[in-house]
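This report is written for a reader new to the structure.

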Amino acid sequence: MNPQELKSILSSGLLSFPVTDFNAAGDFNAAGYVRRLEWLAPYGASALFAAGGTGEFFSLAPDEYSSIIKTAVDTCANSVPILAGVGGPTRQAIQYAQEAERLGAKGLLLLPHYLTEASQEGVAAHVEQVCKSVKIGVVVYNRNVCRLTPALLEQLAERCPNLIGYKDGLGDIELMVAIRRRLGDRFSYLGGLPTAEVYAAAYKALGVPVYSSAVFNFVPKTAMDFYKAIARDDHETVGKLIDDFFLPYLEIRNRRAGYAVSIVKAGARISGYDAGPVRAPLTDLLPDEYERLAALIDAQGPQ
């Protein structure tokens, strides 16, 4: 799949980031991961991102990373494209990028470089070096220490033909509008704020109709129903799901830092697809939070 084909795929539909399965000892559970992907793939997501933020990329060892990407690519070869998360220091990100390409990933999500602050020019150099290390398509994730401006994104677009996507995790509407207006159709634009459904209608109005859904991990039918309601401007259905599910869900998620991942793993367990515990430094939901989440999921009915 060439980068432009990937861009076309990412320009419509719902995206999601499967959690990574660990066993009780905290080691990668390949069999559980296969079962999860086989469950999620038929629900109609346009693409799945293996070892992304929700997949705890930040806690993976290099050998685990290879196993996760290979398992995802092999399992979904005939069903849905797999993009791989990459990130960290530039040389490490390049190693991950080249490994993901070797294993057959259709594209990459370039996560922030973590920890150290850097100039705009330094961040741009980081993105450019990763893009030029592979031939597959790359989506850059503006979040945390990665905050590229419209002018620098335009320069990167000129220098890196395989940079085909921009994912927004900042929620800076002014910046998003400026990027969208300046770059036009050069990129595929993805909404990437945690629990993106809450922002989906606003981002659609900005010309960003595609977003990644974390809850697709455990209520995939509900996630797809919500996406379709957004697409057809069914405000009644959107409002009901936000009131009945998403806002109560956010009340749980916002109780502790890191719960954006922990609550998704809890949801997977409740739905019968236990992915094991989160790894440190994240912490799992407390028992009362787990029970509240179970009640919310049960109210959504069979998936």
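## Tyrosine 141

The model is predicted. In it, tyrosine 141 is part of strand S5, which covers residues 137-142. Its relative accessibility is 4%; because the limit for a buried residue is under 20%, tyrosine 141 counts as buried.

Leaving out residues up to four places away in sequence, tyrosine 141 touches Leu109, Leu110, Leu111 and Pro112, then Cys146, then Lys167, Asp168 and Gly169, and also Gly192.

## Lysine 167

Lysine 167 sits in strand S6, residues 163-168. Lysine 167 is buried too, with a relative accessible area of 4%.

With residues up to four places away in sequence again not counted, the contacts of lysine 167 include Val139, Val140, Tyr141 and Asn142. Others among them are Phe17, Leu109, Leu190, Gly191, Gly192 and Ser212.

## The annotated site

In an unreviewed entry, UniProt lists Tyr141 and Lys167 under "active site".

## Helix H6

Helix H6 runs over residues 150-159, and its buried residues are Pro150, Leu152, Leu153, Leu156 and Ala157. Viewed down the axis of H6, these buried residues fall within an arc of 160°, so they line one face of the helix. An α-helix has 3.6 residues a turn, so residues three or four places apart point the same way.

What lies over that face? The cover of the buried residues of H6 includes strands S5 and S6, together with helix H5 (120-132) and helix H7 (173-183). S5 is the strand that holds tyrosine 141, and S6 holds lysine 167.

In soluble globular proteins, nonpolar side chains tend to be buried together. Here the largest nonpolar core has 106 residues, and Leu10, Ile69 and Leu148 touch the most other members. Helix H10, residues 235-253, gives the most to this core, with 7 residues.

Isoleucine 69 is in contact with Ala50, Ala51, Ala84, Ala100, Leu103 and Ala105, its neighbours within four places in sequence left aside.

## The cavity

How many cavities of 30 Å³ or more does the structure hold? There is 1.

The lining of the largest cavity is made by Gly191, Gly192, Leu193, Ala196, Tyr199, Ala200, Tyr203 and Tyr211. Of these residues, Gly191 and Gly192 also touch lysine 167, and Gly192 touches tyrosine 141.

How values were computed
Residues are numbered from 1 along each chain as its sequence is written. This is a predicted model: local features need pLDDT of at least 70, side-chain atom pairs count only at pLDDT 80 or more; totals for chains, interfaces and linings use all residues. Side-chain values use heavy atoms; hydrogens and water are left out. UniProt positions are given in the numbering used here, feature names are shortened, and annotations may be inferred rather than shown by experiment. Helices (H or I, at least four residues) and strands (E, at least two) are DSSP runs, numbered from the N terminus. Buried means under 20% relative accessible area, exposed over 50%, partly exposed in between (1.4 Å probe, protein chains only). Contact means heavy atoms within 4.5 Å. A nonpolar core is a set of buried Ala, Val, Leu, Ile, Met, Phe, Trp, Tyr and Cys residues joined through side-chain atoms within 4.5 Å. The arc is that of the directions from the helix axis to the C-beta atoms. On a 1 Å grid over the protein atoms alone, a cavity is a set of points where a 1.4 Å probe fits but cannot get out, and a pocket is an open set with protein on both sides within 12 Å along at least five of seven lines; lining residues have an atom within 4 Å of a point. Grid points are joined across faces, edges and corners, and a volume is the space filled by probe spheres set on the points.
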